Amino acid sequence: MTIVSQDVKVRDIQGQIADHLTFPLMEETELGRALWLSHRLMTEKILIILDGVWERLDLEAVGIPLHENGKRCCILLATRNQEVCTLMNCQSTIELSMLNEDEGWTCSSNVHKQTMILQRT
């Protein structure tokens, strides 16, 4: 999962994705990092979760391939603003109500366990 936040920093998003894929980004420029990240993401089947998206995010500037990857890279976008989904041409949207504290902890725990299982396989 990658946290986007209100103060969008493409370099930070790139770094978070690379960290989850356990490979270093040595390139100095955002464009160089985006090209390397895009190349890497096209070689694997992967789900990228972008959490806390407050405005339209240029996925190609980050390095997330959109069309040429044969649907190997799926993106789950979490936002509180329906307009963000419209601006980013989301294929489908699912409206969720807010979880209470116990439900939130249970959900986080389950996601963490699933992530650990996926990383081991």
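The side chain of Gln-14 makes a polar contact with the side chain of Arg-33 at 3.1 Å (a pair of N or O atoms within 3.5 Å; within protein, one must be able to donate a hydrogen and the other to accept it, and residues adjacent in sequence count only if both atoms are side-chain atoms). Gln-14 belongs to helix H1, while Arg-33 sits in helix H2 (helices, H or I with at least four residues, and strands, E with at least two, are DSSP runs numbered from the N terminus). This is a predicted model, in which local features need pLDDT of at least 70 and side-chain atom pairs count only at pLDDT 80 or more, while totals for chains, interfaces and linings use all residues. Residues are numbered from 1 along each chain as its sequence is written, and side-chain values use heavy atoms, with hydrogens and water left out.

**Gln-14 and its surroundings**
- Gln-14 counts as buried because its relative accessibility is 0% (buried means under 20% relative accessible area, exposed over 50%, partly exposed in between, with a 1.4 Å probe and protein chains only).
- A polar atom of the Gln-14 side chain also lies 3.1 Å from the backbone oxygen of Val-62.
- Leaving aside neighbours within four places in sequence, the residues in contact with Gln-14 include Leu-25, Glu-30, Ala-34, Leu-37 and Ala-61 (contact means heavy atoms within 4.5 Å).

**Arg-33**
- Arg-33 is buried yet has no salt bridge (a side-chain nitrogen of Lys or Arg within 4 Å of a carboxyl oxygen of Asp or Glu).
- The nearest side chain of opposite charge is that of Glu-27, 6.3 Å away (Lys and Arg count as positive and Asp and Glu as negative; His and the chain ends are not counted).
- Beyond its neighbours within four places in sequence, Arg-33 is in contact with residues including Arg-11, Gly-15 and Glu-28.

**Helix H1**
- H1 spans residues 10-20, and its buried residues are Val-10, Ile-13, Gln-14, Gly-15, Ile-17 and Ala-18.
- The cover over these buried residues includes strands E1 (2-3) and E2 (46-51), along with helices H2 (30-41) and H3 (59-62).

**The strands**
- E2 pairs in the parallel sense with E1 over 2 bridges (two strands pair if DSSP finds at least two bridges between them), and Thr-2 stands opposite Leu-50.
- E2 also pairs in the parallel sense with E3 (residues 73-78), over 6 bridges, with Ile-46 opposite Cys-73.
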